[in-house]
Amino acid sequence: MSETSKPTAAFVLSLVAGVLILLGGLFGMVAWMMWGGAAYWGGGWGMMGPMMMGWWMPMWLSAFSVLGLVSGIVIVASALMLQNRPSEAKTWGTLILVFSVVSLFGMGGLLIGALLGIVGGILALTWKSV
């Protein structure tokens, strides 16, 4: 029984990236609930919320937060699949790379997550089993 090689570096970088992006999306959602959504819907700052931030702020925060959450979930799932099915490394690497770039619009895990994901995706795409 020979042990099959796995793209460990790509897996670790992608997993860390996915978690950071997911946390960035969660932080954005909490910020939206505390400042954006609550202020817009009458909580938080009361009537001053919509006047201070404009009507677009709650939509902007929530849309980019959801984008970060979805990107983080896809990257974490792809990283786990990369580890479990290394023969499909090109597929998972492509998903990691694409959603890492997409996550840049949703804060990208404080940019570090997106950069780690891009590197992890490239490593997965260029990985060859031994």
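A salt bridge here is a side-chain nitrogen of Lys or Arg within 4 Å of a carboxyl oxygen of Asp or Glu. By this rule the protein has 1 salt bridge. This is a predicted model, in which local features need pLDDT of at least 70, side-chain atom pairs count only at pLDDT 80 or more, and totals for chains, interfaces and linings use all residues. Residues are numbered from 1 along each chain as its sequence is written, and side-chain values use heavy atoms, with hydrogens and water left out.

**Fold**

- The protein has 5 helices and 0 strands. Helices (H or I, at least four residues) and strands (E, at least two) are DSSP runs, numbered from the N terminus.
- The order from the N terminus is α-α-α-α-α.
- Of the contacts with a separation of 6 or more, 73% join residues 24 or more positions apart. Contact means heavy atoms within 4.5 Å.

**Burial and surface**

- Of the 130 residues, 38% are buried. Buried means under 20% relative accessible area, exposed over 50%, and partly exposed in between (1.4 Å probe, protein chains only).
- The protein exposes about 7,500 Å², and carbon and sulfur atoms supply 79% of that area. Accessible areas come from the Shrake-Rupley method with a 1.4 Å probe; for residues, only the protein chains shown count as cover.
- Val101, Leu104, Leu111 and Leu115 form a nonpolar surface patch, with about 340 Å² of accessible area together. Patches are made of residues with over 30% relative accessible area and no salt bridge; like charges are joined within 9 Å, and nonpolar side chains (Val, Leu, Ile, Met, Phe, Trp, Tyr) within 5 Å.
- Leu111 sits in the loop between α4 (89-103) and α5 (112-126). Leu111 counts as partly exposed because its relative accessible area is 47%.

- In soluble globular proteins, nonpolar side chains tend to be buried together.
- The largest nonpolar core here has 9 residues: Ala10, Ile21, Ile75, Leu82, Ala89, Trp92, Ile96, Ala124 and Trp127. At least two residues of this core come from each of α1 (8-40), α3 (56-84) and α4. Helix α4 gives the largest share, 3 residues. A nonpolar core is a set of buried Ala, Val, Leu, Ile, Met, Phe, Trp, Tyr and Cys residues joined through side-chain atoms within 4.5 Å.
- Ile21 belongs to this core. Leaving out residues up to four places away in sequence, Ile21 touches Gly68, Ser71, Gly72, Ile75, Ser103, Gly108, Gly109, Gly113 and Ala114.

- Ala17 lies in helix α1. Ala17 counts as buried because its relative accessibility is 0%. Residues up to four places away aside, Ala17 touches Gly113, Leu116 and Gly117.
- Gln83 lies in helix α3. Gln83 counts as buried because its relative accessibility is 19%. Beyond neighbours within four places in sequence, Gln83 contacts Lys6 and Phe11.
- Thr91 lies in helix α4. Thr91 is partly exposed, with a relative accessible area of 44%. The C-alpha atoms of Thr91 and Met81, 10 residues apart along the chain, are separated by 9.7 Å.

**The salt bridge**

- The side chains of Arg85 and Glu88 form a salt bridge, at 3.9 Å from N to O.
- Arg85 is partly exposed, at 42% relative accessible area. Glu88 is also partly exposed, at 31% relative accessibility.
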